[in-house]
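Me: I am new to this structure. Please take a close look at one part of the chain, then carry on from there.

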Amino acid sequence: MEDGVDNGLQAPKRKRTSLACSRCRRQKLRCSGTKPSCTACVQRAATCDYQDPRLNRVKFVMQKPCKDADPKRNDGPVDGNAPATSLAKEVNTIVVPDKIVETRSIRIPFFRWFGPTGIAPGYKKMLFDVRHPSQQDAEDPEALPPAEDESKVHTSIRESAAASVFETDGITPAPRVLGPLLDTFFDHYGCHFPFYRRDAFTVLVKDRKVSALVLNSICGLSARFSPLPEFQDYPLYLRGDIFAQKAKVLLVPLLNLPSYDVVASILMLVWLELASNHDVGVWMYMGMACRMAMDLGMHKAAISGPDKLAPEEYWTVSRTWFSVHHLDHIISFATGRPLSIERKYIDVPWPRIDANAALPSPFPSMVVIMQTLGLLHDELNNINQLAELADSTREKLLRYNDELINYYAHLPPALSFDIHNFQSYVATGEGGTYLMLHLWFHAIVIGLHRPGLRYGQEARAKSICLTLESRGIALSSARTITSILNLVEVVDTRTLVSSPFIDQAVEVAGLVFIAESSSTSNPLKRITSRSNYDVCLRTLQRLITYWKGVSWVTTTMEQQAEGIRETDPAEGSVDPHSLIELQDTKMIQKLFEKMRQSMPRRTITKAQESIGVGFSGLTNDSSQGNVMILQPNSPSIGDQMNYTGGPHSAPIGARKYAFSEQHFTSESALIGGESWHSWIDDRFLEDLDLTFETLPAQMANSPNS
């Protein structure tokens with residue numbers, strides 16, 4: 001959207017409030033600051049609370065100065081009035097650590113690249129909360145954060161639950177939890193993993209012929225919908241985490257023994273990573289599933305064709321392969337990256353609709369429709385800039401549209417969407433696939449007719465249409481999506497919350513309503529667009545309850561509704577409960593080592609009121625890395641902020657900030673040539689999560705200090 005354009009979903013301009021509510025700060029939305037509930041939370045029917053973010057920050061205790069540090073050293077007074085005492089020096093010094101002595105959790109920034117059709121295109125920052133599970137935590141209960149603290153670690157809960165949910169071998173789910181969780185799995189997810197037949201699989205479980213890897217993956221998915229008391233202390237989206245962690249441990253040696261069941265388990269781990277808000281894990285496990293499936297030749301007719309396998313085995317292999325392939329389309333579209341395997345390399349028969357069945361499975365139709373998503377995705381990601389549609393691109397999109405519409409129009413009557421058919425498929429356990437078929441069909445239609453809605457951050461691309469009628473066609477499909485969502489919410493909510501990978505289809509519809517509201521001055525049309533947008537937002541928020549990773553999509557959509565052109569979904573990638581426990585802390589140490597090397601050899605004191613720390617050259621960067629300390633020239637914050645390492649400065653509003661040439665070059669490289677100050681806004685201080693204390697010995701003794 002162009003600057004200054006009112007999109008109808010945007011809050012009126014206001015002065016910045018001194019303290020935004022927790023939800024607006026987390027989602028990076030404008031907050032009115034009104035109490036007890038701000039305007040944004042009231043409009044979204046969300047819980048609103050106010051808490052100073054600095055109160056919840058973890059303070060990290062770093063390496064103390066060595067005892068043999070020079071006792072005669074005198075750095076002079078900290079400021080013009082305070083005496084230079086050793087106590088004042090230890091309390092007031094901010095430094096970069098040599099090593100971590102003790103941590104509870106630490107927030108690590110990490111940059112990832114997303115292609116043009118990605119949810120948040122470009123080189124985007126993600127944040128990870130990492131914890132080192134030290135022995136002290138197990139021995140000293142006071143070492144854990146208080147139970148009421150939002151950032152509490154659920155390790156102790158998991159350890160106490162492990163004794164009751166696993167058999168004596170420590171890896172197989174106990175029968176008293178396995179039975180109910182197995183029923184829950186087929187009730188909620190059977191259609192999404194159509195390679196397991198309920199009756200036959202249950203017999204195999206009773207005969208103890210199913211691997212612990214598969215059982216843990218299944219239980220991990222089912223636990224979020226389970227009433228069993230063992231899981232009630234977890235957030236809903238983490239109720240299967242104990243099984244997910246066990247499955248990951250069991251998976252590693254089995255990577256050397258590819259099998260269909262291992263592929264199925266990795267596919268389930270993709271879902272579990274989405275639930276626990278590990279977006280990187282979603283991408284990595286998806287790639288593993290595709291590569292193992294290809295390693296087994298599941299995509300080649302000469303190995304896995306109907307004339308090479310027994311009928312039952314072929315049915316299982318075919319459905320497993322196409323379950324992997326179809327989800328790969330969704331994940332690749334979300335990241336704007338190429339598919340793991342191109343269609344031209346697949347020569348196994350595509351699944352066919354059973355024309356003789358009264359209720360034919362929607363799975364084959366969903367697989368076929370997803371191929372058009374792959375074609376659209378590939379075409380758009382090969383365009384450098386989408387200022388307008390080239391004739392060749394327009395011709396391809398028109399052809400894809402005609403083929404898609406023709407296929408959808410000739411589906412059996414039982415597969416067309418209406419309330420009777422939906423209820424029938426819910427009764428047979430295939431409501432989720434039926435829902436995905438229709439939501440994704442309309443989302444792909446929108447993508448074909450308004451390709452700029454999910455292309456980069458360019459405002460001009462948002463208005464590009466395939467034909468003169470495309471705007472109306474896209475709006476019609478978006479309204480159909482919201483109508484389906486309203487119906488499903490009333491008829492069977494279970495189907496909705498068990499289908500997290502509808503999130504992008506819902507988001508695409510939301511983008512249509514945002515664009516429509518910004519392009520009309522008709523108040524009634526704006527109200528209608530707002531109402532439909534709220535349906536999309538409400539659906540995504542409901543999914544987040546069980547699948548925390550959906551917050552990435554939700555955050556970017558809300559930011560676009562607020563008129564933010566350069567979306568920043570970093571806060572949507574963090575959750576205080578979804579800590580990554582890290583035994584190997586060397587990668588974190590590498591980050592701090594880069595910070596230490598790049599710091600100037602002088603002491604920067606708290607008495608100087610440093611207002612921020614900026615990092616570049618992070619853990620996934622081979623360069624030296626740089627750190628920028630923003631601080632005033634005097635004890636009171638003035639208009640001139642200086643970086644201690646260099647003379648260069650650049651204006652930001654009424655203030656000037658200074659930085660080193662080296663930092664400027666590295667930071668600009670990270671953001672594609674933009675000025676570094678575009679990274680710093682009014683929330684910079686609020687986002688600061690690291691506090692460094694005490695001076696490393698070698699820096700304390702440095703002659704340059």
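Where does P36 lie?

Reply: This is a predicted model. P36 sits in a loop, with helix 1 (22–27) on one side and helix 2 (39–43) on the other. K35 and P36 are joined by a cis peptide bond, with omega about 10 degrees. Most peptide bonds are trans, and most residues other than glycine have a negative phi.

Two other loops hold residues with a positive phi. R208 is found between helix 7 (198–206) and helix 8 (212–222). Its phi is near 60 degrees, and R208 is not a glycine. N277 lies in the loop between helix 10 (260–275) and helix 11 (279–295). Phi of N277 is near 70 degrees, again positive in a residue other than glycine. Now compare their surroundings. R208 has a relative accessible area of 58%, so it is exposed, the cut-off being over 50%. N277 has 6% relative accessibility; buried means under 20%, so N277 is buried.

Next, helix 9, residues 241–254. At 1.5 Å a residue, its 14 residues should span 20 Å. The end C-alpha atoms are 20 Å apart, so the two values agree. Buried residues in this helix include D241, I242, F243 and A244. A247, K248, L250 and L251 are buried too. In an α-helix, residues three or four places apart point the same way, because there are 3.6 residues a turn.

Last, residues 376–403. An unreviewed UniProt entry lists them as "coiled-coil region". In the model this stretch is 68% helix and 0% strand. Its end C-alpha atoms are 12 Å apart.

Key: Residues are numbered from 1 along each chain as its sequence is written. This is a predicted model: local features need pLDDT of at least 70, side-chain atom pairs count only at pLDDT 80 or more; totals for chains, interfaces and linings use all residues. Side-chain values use heavy atoms; hydrogens and water are left out. Helices (H or I, at least four residues) and strands (E, at least two) are DSSP runs, numbered from the N terminus. The expected span of a helix is 1.5 Å times one less than its number of residues. Buried means under 20% relative accessible area, exposed over 50%, partly exposed in between (1.4 Å probe, protein chains only). UniProt positions are given in the numbering used here, feature names are shortened, and annotations may be inferred rather than shown by experiment.
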